[in-house]
Amino acid sequence: RAPSNARHLPPPSLAMGAASSKKMAANKEAKLAVAVSGIFFAFSYFAVLQEDVYRASYAVPGAGRGATEKFTSTFLVLAVERGVNALAGAIGLALVGGSGIRVPRRQILTSGVSQMLAMASANEALRYVSYATQVLGKSCKMVPVMIGGVAAGRKFPRAQYLQVLAITLGVAVFNFGKKASSSGKGAGGDSAYGLGLIGASLVMDFVTASLQDRVKSATRRLNPGEKHAKTSMFESMLYTNASGVVVALALAARTGQLSSGVAFCSRHPEATRVVMNYALASVVGQLFIYFTITEFDPLVLSGVTTTRKIFSTVYSVLRDPDPKNALTRTQWTGCGVVFAALGYDVLEKFVKGGGKKKIGGGGDGEAPRRSARKKEL
């Protein structure tokens with residue numbers, strides 16, 4: 001006869017299932033820690049190097065004391081950065097393999113061009129505005145996206161209009177709260193031309209978002225038999241960056257930045273080191289971005305990147321010893337409004353999901369598949 005307490009013990013299969021679930025949850029948490037750490041530190045370092053590339057001054061060899069020059073070859077830097085990323089994508093594709101589906105290469109290549117132009121405008125802007133201004137300005141990318149959506153007949157919830165209004169207001173407060181200077185520029189030497197470049201970058205962000213939607217629809221159209229057809233992370237990384245490096249090299253040659261940039265790096269080997277570190281940090285950051293998209297819910301990525309922007313902005317201001325570049329109390333208020341609005345976006349998405357989206361966006365996805373099968377039956 002079995003012991004009286006045996007009836008209270010769970011079946012062995014249930015006990016093993018519970019242990020397996022705990023192990024999977026622990027693995028997901030470990031992966032999340034790796035993903036968050038990778039994105040946070042890689043792109044924070046990337047942001048610091050991005051600022052150093054364009055705003056650092058280098059002593060001119062053989063010139064008089066105090067003579068300095070700055071690196072101005074934006075397209076050359078982008079060609080290096082895109083080239084290193086394309087090489088990393090090609091190596092990953094060779095080692096891991098592709099998705100096994102028909103890939104819309106033309107659409108991906110086109111989106112890579114617009115993405116590169118958006119980044120070129122943002123990088124060029126760093127020569128004329130502070131890093132904090134650039135980040136705050138780029139936080140407005142949802143404004144042109146919303147305008148384009150409204151023009152196309154889309155309707156947005158009231159909360160999104162309020163969020164865009166709050167971000168626009170925060171950026172306005174930030175810019176109007178700058179210290180006046182004798183040159184007519186704001187704190188950190190921000191200029192109207194630099195702000196115009198940020199505006200151009202926002203326009204290209206909108207174009208890129210539209211082209212990326214076309215990539216998704218083209219993928220479905222080319223693979224009608226695949227219900228969840230999507231390109232692999234290395235395929236996207238390779239083709240997006242490949243078109244970017246071609247265009248960046250062409251623009252660098254056309255504008256003379258290719259020869260002037262190489263000459264500058266020859267005069268200042270430390271600039272070469274900064275550019276290469278910048279490119280490598282971009283590679284690491286992109287790999288962690290794609291890893292996070294593959295393993296977790298997009299909400300996780302949104303939260304991490306938003307937090308990273310706040311940290312990078314504050315760190316950029318605190319690491320600058322020049323008191324002229326310090327933010328005023330009004331500018332800190334503008335920063336707070338912008339990042340509070342961005343943080344609200346993350347919180348709103350989580351609340352809309354009812355808090356049901358766990359780390360990894362639903363584990364292995366069995367529950368959704370079982371639900372779908374029930375509906376079919």
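Phenylalanine 46 is buried, its relative accessibility being 9%, where buried denotes under 20% relative accessible area, exposed over 50% and partly exposed the range in between, with a 1.4 Å probe and protein chains only. Tyrosine 278 is likewise classed as buried, at 0% relative accessibility. The model is predicted, so that local features require pLDDT of at least 70 and side-chain atom pairs pLDDT 80 or more, whereas totals for chains, interfaces and linings use all residues. Residues are numbered from 1 along each chain as its sequence is written, and side-chain values use heavy atoms, without hydrogens or water.

The secondary structure of the protein chain consists of 13 helices and two strands; helices (H or I, at least four residues) and strands (E, at least two) are DSSP runs numbered from the N terminus. Of the 377 residues, 41% are buried. Contacts, defined by heavy atoms within 4.5 Å, were examined for residues at least 6 apart in sequence, and 85% of these join residues at least 24 apart. The chain exposes about 20700 Å², of which carbon and sulfur atoms supply 63%; accessible areas follow the Shrake-Rupley method with a 1.4 Å probe, and for residues only the protein chains shown count as cover.

Six aromatic pairs are present in the structure, a pair being Phe, Tyr or Trp rings (for Trp, the six-membered ring) with centres within 6.5 Å, termed stacked with planes under 30 degrees apart, edge-to-face over 60 and tilted for the rest. Phenylalanine 46 and tyrosine 278 form a stacked pair, with 4.7 Å centre to centre and 15° between the planes. Phenylalanine 46 belongs to helix α1 and tyrosine 278 to helix α10 (residues 269-295), so this pair ties together parts of the chain 232 residues apart in sequence. A further pair consists of tyrosine 128 and tyrosine 193, which is edge-to-face because the planes stand at 90°, with ring centres 4.9 Å apart. Tyrosine 128 lies in the loop between α3 (105-125) and α4 (131-138), and tyrosine 193 in helix α7 (residues 192-222); the pair therefore ties together parts 65 residues apart in sequence. Tyrosine 128 is partly exposed, at 24% relative accessibility. Phe43, Phe46 and Tyr278 make up one aromatic cluster.

The largest nonpolar core contains 45 residues, and Val53, Phe71, Val77, Leu136, Ile167 and Tyr278 have the most contacts inside it. Such a core is a set of buried Ala, Val, Leu, Ile, Met, Phe, Trp, Tyr and Cys residues joined through side-chain atoms within 4.5 Å. Helix α1 (residues 12-55) gives the most to this core, contributing seven residues. A second, separate core comprises eight residues, including Leu93, Val103, Val215 and Tyr239. When neighbours within four places in sequence are set aside, phenylalanine 71 is in contact with Val53, Tyr54, Leu76, Val77, Arg127, Gly261, Phe264 and Cys265.

Serine 114, located in helix α3, is buried at 3% relative accessibility. With neighbours within four places in sequence again excluded, serine 114 is in contact with Met204, Val207, Thr208 and Leu211.

Two salt bridges were identified, each requiring a side-chain nitrogen of Lys or Arg within 4 Å of a carboxyl oxygen of Asp or Glu. In one of them, arginine 267 pairs with glutamate 69, the closest N and O atoms lying 3.1 Å apart. This bridge links distant parts of the chain, since arginine 267 is in helix α9 (residues 257-267) and glutamate 69 in strand β2 (residues 68-70), 198 residues apart. Arginine 267 is partly exposed, with 38% relative accessible area. Arginine 82 forms a salt bridge with glutamate 81, with 2.9 Å between the closest N and O atoms. Arginine 82 is buried at 3% relative accessibility, and glutamate 81 is buried at 1%.

On the surface, Leu87, Ile91, Leu95 and Val96 form a nonpolar patch with about 440 Å² of accessible area together. Patches comprise residues with over 30% relative accessible area and no salt bridge, like charges being joined within 9 Å and nonpolar side chains (Val, Leu, Ile, Met, Phe, Trp, Tyr) within 5 Å. Valine 96 is situated in helix α2 (residues 74-96) and is exposed, at 63% relative accessibility.

Glutamate 226 occupies the loop between α7 and α8 (233-255) and is partly exposed, with a relative accessible area of 47%. The C-alpha atoms of glutamate 226 and isoleucine 101 are separated by 8.4 Å, although the residues are 125 apart along the chain.
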